[in-house]
Amino acid sequence: MENARKSSIVSRANSIGSTSASSVPNTDDEDSDYHQESFKESYKDQRRRAHTQAEQKRRDAIKKGYNDLQAIVPTCEQQDFSISSQKLSKAIVLQKTIDYIQFLHKEKKKQEEEVSTLRKDVMALKIMKVNYEQIVKAHQDNPNEGKNQISDEVKFNVFQGIMDSLFQSFNASVSVTSFQELSACVFSWIEEHCKPQTLQDIVIRVLHKVKSQLY
């Protein structure tokens with residue numbers, strides 16, 4: 001009887017212990033799940049915050065770019081005081097910037113053409129300078145050359161002789177029936193009677209004639 005009672009007491013104790021153990025929550029597993037969930041939420045917050053900051057930096061950079069354009073482009077300055085309080089839209093700023101760049105390209109091309117023209121002028125002046133230096137040197141080497149200088153009348157006689165000879169062929173070759181025919185005959189006369197060799201022969205003939213008259 002005594003042994004049976006002790007066995008009953010032990011059995012009830014084991015039953016109570018098992019029930020108590022099963023009713024106690026698993027605190028280690030719950031703590032692990034809580035920390036993992038908190039970490040996930042923290043990582044999402046960090047990504048969201050980083051994305052927000054990156055987006056804000058992008059917007060700030062765009063805003064700064066438009067402000068710089070308005071400060072650089074003269075046409076972006078407000079001229080009308082009635083709308084001076086209104087902010088220029090991005091589309092207007094971009095269009096004015098495009099117009100200003102196109103204007104600068106045209107000015108650059110114009111300046112390049114002017115520089116090219118000036119370079120040609122400088123080259124021509126250098127050639128003239130060399131020629132004048134040669135003329136001065138020739139006069140210095142031959143100081144008595146000016147004593148035998150030809151008069152203006154003789155120069156006119158030479159020019160007149162050349163023109164008279166050219167006019168004879170011109171008058172014989174060119175027809176004046178109509179302006180169209182005149183134009184065609186002029187070009188034909190130039191091609192035939194104004195060749196370098198023909199002009200040289202005329203000038204030599206006139207010079208010999210004038211020389212024979214002088215001496």
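What percentage of the chain over residues 101-128 is helix, what percentage is strand, and how many Å apart are the end C-alpha atoms?

## Residues 101-128

Over residues 101-128 the chain is 100% helix and 0% strand, with its end C-alpha atoms 40 Å apart. UniProt, in an unreviewed entry, lists residues 101-128 as "coiled-coil region"; such annotations may be inferred rather than shown by experiment.

## Basis of the model

This is a predicted model, in which local features need pLDDT of at least 70 and side-chain atom pairs count only at pLDDT 80 or more, whereas totals for chains, interfaces and linings use all residues. Residues are numbered from 1 along each chain as its sequence is written, and side-chain values use heavy atoms, without hydrogens and water.

## Overall architecture

The chain contains six helices and zero strands (DSSP runs: helices H or I of at least four residues, strands E of at least two, numbered from the N terminus). Buried residues (under 20% relative accessible area, 1.4 Å probe, protein chains only) make up 9% of the 215 residues.

## Helix H5

Cys-185, Trp-189 and His-193 of H5 are buried. Seen down the helix axis, the buried residues of H5 fall within an arc of 40° (taken from the directions from the axis to the C-beta atoms), so they line one face. These buried residues pack against helix H4 (152-173) and helix H6 (196-214), with contact meaning heavy atoms within 4.5 Å. On the other side of H5, Phe-179, Gln-180, Phe-187 and Glu-191 are exposed (over 50% relative accessible area).
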